[in-house]
Amino acid sequence: MTDFEARSSVLPGKAKVNNNIAYVGAFSRRQRMCQTYFYRTMEEHGMFVETNVKENERNEHEEYLRTAIQLAEQNVQNGLGGPFGAVVCKDGVVVAKGANKVVPSCDPTAHAEMVAIRLACQELKTHNLEGCVIYCSCEPCPMCLGAIYWAHLDHIYFAHSKSDAKDIGFDDHFIYEELARELHERRVGITQLLKDESKAFSMWKDCHTKVHY
């Protein structure tokens, strides 16, 4: 039994949910025929419930996701970075594409999702990507997930899970563990200083020309 089948076998029937993260099996005919699965809650990470996504909508989502997968494969084939790709779409149109560029750009934040989000913002000339959808060859890491929330993207579709990424050496579970710890318990030293001297927050609070984001 595959990991996908194991998760499917424990689902208690069909249910509708409003979560905005979907697992799309894009690597076999069996998975492509299954309906989209959504996270029930962040705490129940990995537990999915079936939704009634229309077949034509699912096919469209899968085509965009295949593009992200192709970007990841091309990245590996050409030796340009890690096996990750991402595509941002709006109203059924591809706005931006990104592939992992961490090593060639000497930028540890240049994950595929980050690259695609930056390009999408430049293309649309906005910091707010509300109304956009992102397709990722792999489940976004904590950094990319945070960027997706800050950019206000509507929906995430991904192929490989973070467990799949762990199996090939990309394990970000320790970051989730770190976030759950008190500051003094974390691996990276964190020290707060000069709070009373900083006026930036009070200046922002009183600023009448600020743009909320």
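Analyst: The lining of the largest pocket consists of 24 residues, and those nearest its centre are F84, H111, C141, F170 and D172. A pocket here is found on a 1 Å grid over the protein atoms alone, as an open set of points where a 1.4 Å probe fits, with protein on both sides within 12 Å along at least five of seven lines; a lining residue has an atom within 4 Å of a point. The model is predicted, and local features need pLDDT of at least 70, side-chain atom pairs count only at pLDDT 80 or more, while totals for chains, interfaces and linings use all residues. Residues are numbered from 1 along each chain as its sequence is written, and side-chain values use heavy atoms, with hydrogens and water left out.

The volume of this pocket is about 430 Å³, taken as the space filled by probe spheres set on grid points that are joined across faces, edges and corners. By class, 15 of its lining residues are nonpolar, 4 are polar and 5 are charged. In this scheme Ala, Val, Leu, Ile, Met, Phe, Trp, Tyr, Cys and Pro are nonpolar, Asp, Glu, Lys and Arg are charged, and the others, Gly among them, are polar.

At least two lining residues come from each of α4 (102-105), α5 (112-124), α6 (142-151), α7 (162-167) and α8 (173-179). The largest contribution is that of α6, with 3 residues. Helices (H or I, at least four residues) and strands (E, at least two) are DSSP runs numbered from the N terminus; the protein chain has 9 helices and 7 strands.

Just after α5, K125 adopts a positive phi of about 55°.

Two loop residues also have positive phi. C106 lies in the loop between α4 and α5, with phi near 55° although the residue is not glycine, and C106 is exposed at 71% relative accessible area. D91 is placed in the loop between β4 and β5; its phi is near 55°, again in a residue other than glycine, and D91 is exposed at 71% relative accessibility.

As to the cysteines, the count of disulfides (pairs of cysteine sulfur atoms within 2.5 Å) is 0. The sulfur of C136 lies 7.7 Å from its closest cysteine sulfur, that of C144, and therefore too far for a bond; C136 is buried, at 0% relative accessible area. The sulfur of C89 is 8.5 Å from its closest cysteine sulfur, in C132, so this pair is also too far for a bond. C89 counts as buried at 4%.

Definitions and conventions. Buried < 20%, exposed > 50% of the residue type's maximum accessible area, 1.4 Å probe, protein only.
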